[in-house]
Each structure stands twice: as structure tokens, then as C-alpha cells.
Amino acid sequence: MTNEDGQMTVWVCAVCSAMLDVHANFNTGEVSWLHPVRVEPFDHEPVPAVSADGAGVELTCHFCTMPNPMWSWQPREFVTTACEHENPHGCSGPWAACPPCSEWVQVRDLDGLVQSVMHNSTAFNGLHPRKRKDAEEQLRAVYAAFFATDPAGPSLIG
């Protein structure tokens, strides 16, 4: 999200300093914040707070959730998607990427990115095959919406 000056607003969790994903429901106008998918589950609900300078923000790859991403990709417009049983929602702002995920984004390889994330992110290990297939379909929908914006980048983080 951007403020009235066009500057990027970085939302973080006031409890754990993780950068939060901001979602807007287009049917209701409701805005919500979610922790990123992580290896370990969060033991609390997100407590959104604005980070003035980004100091202390725990960055992870928006794609595979690996820590310390090096690259940033900026969608050229609001990313919108609708997953099964969910209302259409969207998000904006730069997407952080680790080197392997950034390479998949660079060449716009949706299948490669989805398969890489499903294989390398431990968040999907041990899922029942049906839930794993559902997760893969959701990733495909979100990443396809992201690619449809023709994101600019990569830009070095830091």
C-alpha cells in the first residue's frame, strides 16, 4: 500500500517484526493482514504496525519464504486473485525474492516457480496429497496474477 505521497508503507507485526502481507477484499472493502507462510506456525494473530524505516523487519522471500531475500520485484499494478472459497482479494507493493525464485520470475516461468516453491519450501512438506494439490493450485493462481502485472525488477534489496 502507498501513502498520499506515493511512498511505500511497510506493514510489520508489532509482536514478531515479520513483514505482513496486506490483503484487500474487493467485495467487502475490508483490509486484513496475514503473516507470511513460514516453516514454523505463528503463535499469535498479526498485530499490524507501520515500519517507518524498515529497521528490524524480518524479510523472507514472498515466494518460498526463505530468509534474507536479495531481490525485489515491483508489480506494475495491484495484484488481484481469487482462490477457491475466497472472495477476490489483492495486494500491492514489492515482492521480495531469494536468488532462485528471482531467476524463475526473471524468465516468467510459472511452472518452474511453482514446482520450485513446492519442492523447496518446508511449509508444504507432509501435507496430505489433496491438500498439497490445493496449495499448488493456489500458488499457481497467485503467481499467475503476479506475472500478469509484468513486474519490474529485479532490484537489489538493501
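Visitor: What share of the residues in the protein chain is buried?

Guide: Of the 158 residues in the protein chain, 35% are buried. Keep in mind that this is a predicted model.

Visitor: Okay, and how much accessible surface does the protein chain have?

Guide: About 9,100 Å², and carbon and sulfur atoms account for 54% of that surface.

Visitor: How many helices and strands are there?

Guide: The protein chain has three helices and nine strands. Going from the N terminus, the elements run β-β-β-β-β-β-β-β-α-α-α-β.

Visitor: Let's look at a sheet. What is the strand order in the open sheet of three strands?

Guide: The order is E8-E5-E9, and the pairing is antiparallel. Strand E8 (95–97) and strand E9 (152–156) are at the edges. Each has a single partner strand, so one side of each has no neighbour in the sheet. On average, neighbouring strands here are turned by 30 degrees against each other, ignoring direction.

Visitor: What holds strands of a sheet together, in general?

Guide: Strands in a sheet pair through backbone hydrogen bonds, in a parallel or antiparallel way.

Visitor: And how many bridges join E5 to E9?

Guide: Three bridges join them, with E5 covering residues 71–74. Within that pair of strands, Gln-74 of the chain stands opposite Ala-152 in E9.

Visitor: Which helix lies across those strands?

Guide: That's helix H1, residues 99–106, which lies across E5, E8 and E9. H1 runs at about 35 degrees to E5.

Visitor: Moving on to H2, which residues are buried there?

Guide: In helix H2, residues 110–120, the buried ones are Gly-112, Leu-113, Val-114, Ser-116, Val-117 and Met-118.

Visitor: What do the buried residues of H2 pack against?

Guide: They pack against two helices, H1 and H3.

Visitor: Which residue caps the N-terminal end of H2?

Guide: Asp-109 does. One of its side-chain oxygens lies 3.3 Å from the backbone nitrogen of Asp-111.

Visitor: New topic: where is Thr-149?

Guide: Thr-149 is in the loop between helix H3 (129–148) and E9.

Visitor: Is Thr-149 buried or exposed?

Guide: Thr-149 is buried, because its relative accessible area is 5% and buried means under 20%.

Visitor: What does its side chain reach?

Guide: The side chain of Thr-149 reaches the backbone oxygen of Phe-146, at 2.8 Å.

Visitor: Last one: how many of the contacts join residues at least 24 apart?

Guide: Among contacts between residues at least 6 apart in sequence, 62% join residues at least 24 apart.

Notes. Residues are numbered from 1 along each chain as its sequence is written. This is a predicted model: local features need pLDDT of at least 70, side-chain atom pairs count only at pLDDT 80 or more; totals for chains, interfaces and linings use all residues. Side-chain values use heavy atoms; hydrogens and water are left out. Helices (H or I, at least four residues) and strands (E, at least two) are DSSP runs, numbered from the N terminus. Buried means under 20% relative accessible area, exposed over 50%, partly exposed in between (1.4 Å probe, protein chains only). Contact means heavy atoms within 4.5 Å. Accessible areas come from the Shrake-Rupley method with a 1.4 Å probe; for residues, only the protein chains shown count as cover. Two strands pair if DSSP finds at least two bridges between them. Axes are lines fitted to C-alpha atoms, for helices over the stretch in contact, and angles run from 0 to 180 degrees between N-to-C directions. A polar contact is a pair of N or O atoms within 3.5 Å; within protein, one must be able to donate a hydrogen and the other to accept it, and residues adjacent in sequence count only if both atoms are side-chain atoms.
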